[in-house]
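Here are my notes on the model you sent over. I went through the two ligand sites and then a few residues around them.

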Amino acid sequence: MSTVRVIPHHIAIVMDGNGRWANRRFLPRVAGHKQGVNALHRCVKACAERGVKVLTVFAFSSENWDRPAEEVSGLMELLAKALAREVAQLSADGVQIHFVGEREGLSDSLKKGFLQAETTTAHNTRLVFNICFNYGGRWDIAQAAAKLVAKGVPVTASSLDTEMAMAHVPDPDLIIRTGGEQRISNFLLWQAAYSEFYFSDKLWPDFDAAALDEAINEFNRRERRFGKTSEQIQTKVTA
Ligand code: IPE
Ligand code: IPE
Ligand code: MG
């Protein structure tokens, strides 16, 4: 048996726990989101250093609009600022940025920022970085089906695959959720079919490179069978 650590090709993260991080410090929730941006900055760097090829993060769900107006506008502002501040360096580091989710309903300036970030970084190949914003797994499946119907293409599992918002990357190998909750919250419903799940009690602002390594180590202890038997998998590994 090989003891080489396998680095998941695609890691997806539900970055949860910012609000609780702030509450524990008697700070406004937006202060937790601000620390969350710092944690994300560290995480992108750590993933690139470890040779992860695709990182997908859940930044704002279709349902997060129902939060207090002040928190929603705080999140929009934080994202706009992070874009202005970080895109040039991310691009220099070889990161290809994609915004995944519904653009309708977002401000014109944010939409412009998304497009600019995507265009500036399109040629990069070191790490594909998907930011799911105004995203929901149900929205994604419905919009993919609607596109097929509009084209007159029969809806099948493989035709849907080509129209999903993340058709540019393979499905996630490892899905991490921080913050202690063990649920999917409308994240990658379609793409999570055979992903390994890892739940961390750490709040997202506290998630660091060591915590990422723990998740990758746990991933290495899993046997992915994709519906086959363990014996079939073992034979394939040693063949
Ligand atoms: C996740 O942190 C970030 C977003 C949903 C935008 P939360 O804000 O959900 O943090 P908790 O779950 O309230 O601690
Ligand atoms: C999921 O977290 C969404 C993001 C991390 C962006 P939530 O905090 O919104 O999920 P629930 O409401 O606890 O399920
Ligand atoms: Mg939460």
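1. A cut-off to start with: a residue is called buried when its relative accessible area is under 20%, exposed when that value is over 50%, and partly exposed in between. The model is a predicted one. On that scale Gly137 counts as buried, because its relative accessible area is 2%. Gly137 belongs to helix H5, which spans residues 137-151. The C-alpha atom of Gly137 is 5.1 Å from that of Leu188, although the two residues are 51 apart along the chain.

2. Now to ligand 1. The shell here has 13 residues, and the closest are Asp16, Gly19, Arg20, Arg29 and Arg67. By type, the shell splits into three nonpolar, five polar and five charged residues. Helices H1 (18-24), H2 (29-50) and H3 (69-92) each put in at least two residues. H1 has the largest share, with three.

3. What holds polar contacts with ligand 1? On the backbone side, an N or O atom of Gly19 is 2.9 Å from an oxygen atom of ligand 1, and a polar backbone atom of Gly17 is 3.4 Å from an oxygen atom of the ligand. From a side chain, an N or O atom of Arg29 also lies 2.9 Å from an oxygen atom of ligand 1. As for cover, ligand 1 on its own exposes 380 Å², and the protein buries 87% of that. The space that ligand 1 takes up is the largest pocket.

4. A polar side-chain atom of Asn64 is 3.0 Å from an oxygen atom of the ligand, a polar side-chain atom of Asp16 is at 3.2 Å from one, and an N or O atom in the side chain of Arg177 is at 3.3 Å. Ligand 2 has 390 Å² of accessible area on its own, and the protein covers 78% of it.

5. Is Arg177 buried or exposed? Its relative accessible area is 5%, so Arg177 is buried. The side chain of Arg177 also makes a polar contact of 2.9 Å with the side chain of Asp16.

6. Last, please look at two backbone angles. Most residues other than glycine have a negative phi. Ser185 has a positive phi, near 45°, and Asn186 has one near 65°. Ser185 is in the loop between S5 and strand S6 (196-199), and Asn186 lies in the loop between S5 and S6 as well. Which of the cover classes do they fall in? Ser185 is partly exposed, because its relative accessible area is 29%. Asn186 has a relative accessibility of 12%, so Asn186 counts as buried.

Note on methods:
Residues are numbered from 1 along each chain as its sequence is written. Chains are lettered from A and ligands numbered from 1 in the order in which they are written. This is a predicted model: local features need pLDDT of at least 70, side-chain atom pairs count only at pLDDT 80 or more; totals for chains, interfaces and linings use all residues. Side-chain values use heavy atoms; hydrogens and water are left out. A polar contact is a pair of N or O atoms within 3.5 Å; within protein, one must be able to donate a hydrogen and the other to accept it, and residues adjacent in sequence count only if both atoms are side-chain atoms. Accessible areas come from the Shrake-Rupley method with a 1.4 Å probe; for residues, only the protein chains shown count as cover. A residue is near a molecule or strand if one of its heavy atoms lies within 4 Å of it. On a 1 Å grid over the protein atoms alone, a cavity is a set of points where a 1.4 Å probe fits but cannot get out, and a pocket is an open set with protein on both sides within 12 Å along at least five of seven lines; lining residues have an atom within 4 Å of a point. A molecule sits in a cavity or pocket if more than half of its atoms lie within 2 Å of its grid points. Helices (H or I, at least four residues) and strands (E, at least two) are DSSP runs, numbered from the N terminus. Ala, Val, Leu, Ile, Met, Phe, Trp, Tyr, Cys and Pro count as nonpolar, Asp, Glu, Lys and Arg as charged, and the others, Gly among them, as polar. Buried means under 20% relative accessible area, exposed over 50%, partly exposed in between (1.4 Å probe, protein chains only).
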